[in-house]
Amino acid sequence: MLKLEIILAENDVMKISEGLKEIGVGGLTVIKVRGRGAKTAAEIHTHKGMEVFVPHFADKYRLMVVIPEAKEEKTVDIIRKNSQEGKIFISQMLRAIDIKSGNIIEFTDEEIEKIQKRIAEKHGYKLVDSKLELYCVKK
């Protein structure tokens with residue numbers, strides 16, 4: 001599973017949300033934040049003989065969504081097609097914990113990782129990273 005964090009300079013949230021619904025991606029979280037990009041220069045004002053640093057922050061939108069790795073390309077395409085400016089940050093999910101029940105959903109398995117390492121070594125390789133995809137439905 002992947003977590004995408006998207007920072008948008010413009011309010012393109014509804015277009016992105018509708019596009020994600022079309023490919024079966026739900027559970028979108030949206031937060032209005034203030035920030036600045038790397039290119040935005042701050043101003044330095046002089047006040048009573050002292051220089052005062054004044055950063056410029058603008059309204060931005062932060063979206064968060066968790067998706068299966070198989071939907072990464074389509075999700076990124078929808079975000080890029082439906083937004084004007086911003087960044088997409090993608091990170092690997094390790095586990096999720098249900099707050100109400102306390103159930104832990106693990107996205108890794110030590111036994112499988114040991115098997116992958118053994119297979120790589122058998123063929124003369126050193127395992128540096130791996131990707132395992134399982135597609136399941138709840139019983």
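Me: Does R62 count as buried, exposed or partly exposed?
Reply: This is a predicted model, and the value is computed from it. R62 has 27% relative accessibility, so R62 counts as partly exposed.

Me: Which residue in β5 is the bridge partner of I7?
Reply: β1 and β5 run antiparallel and are joined by seven bridges. Strand β2, residues 29-35, also pairs with β5 in the antiparallel sense, over seven bridges. There, I31 has R62 as its bridge partner. For I7, the bridge partner in β5 is R62.

Me: How far apart are the closest N and O atoms in the salt bridge between E5 and R62?
Reply: K3, E5 and R62 are linked in a network of salt bridges. In the salt bridge of E5 with K3, the closest N and O atoms are 3.4 Å apart. For E5 and R62, the closest N and O atoms are apart by 2.6 Å.

Me: How many residues apart are E5 and R62?
Reply: E5 lies in strand β1 and R62 in strand β5. The pair links distant parts of the chain, with a separation of 57 residues.

Me: Which elements give two or more residues to the largest nonpolar core?
Reply: This core has 15 residues, and among those touching the most other members are L4, I16 and I67. The elements that give two or more residues are β1 (2-8), α1 (13-22), β5 (58-67) and α2 (72-82).

How values were computed:
Residues numbered from 1 in each chain as written. Predicted model: local features only at pLDDT ≥ 70, side-chain atom pairs only at ≥ 80, totals over all residues. Heavy atoms only, no water. Core = buried A, V, L, I, M, F, W, Y, C linked by side-chain atoms within 4.5 Å. Buried < 20%, exposed > 50% of the residue type's maximum accessible area, 1.4 Å probe, protein only. Helix = DSSP H or I, 4+ residues; strand = E, 2+ residues; numbered from the N terminus. Pairing = 2+ DSSP bridges. Salt bridge = Lys/Arg side-chain N within 4 Å of Asp/Glu carboxyl O.
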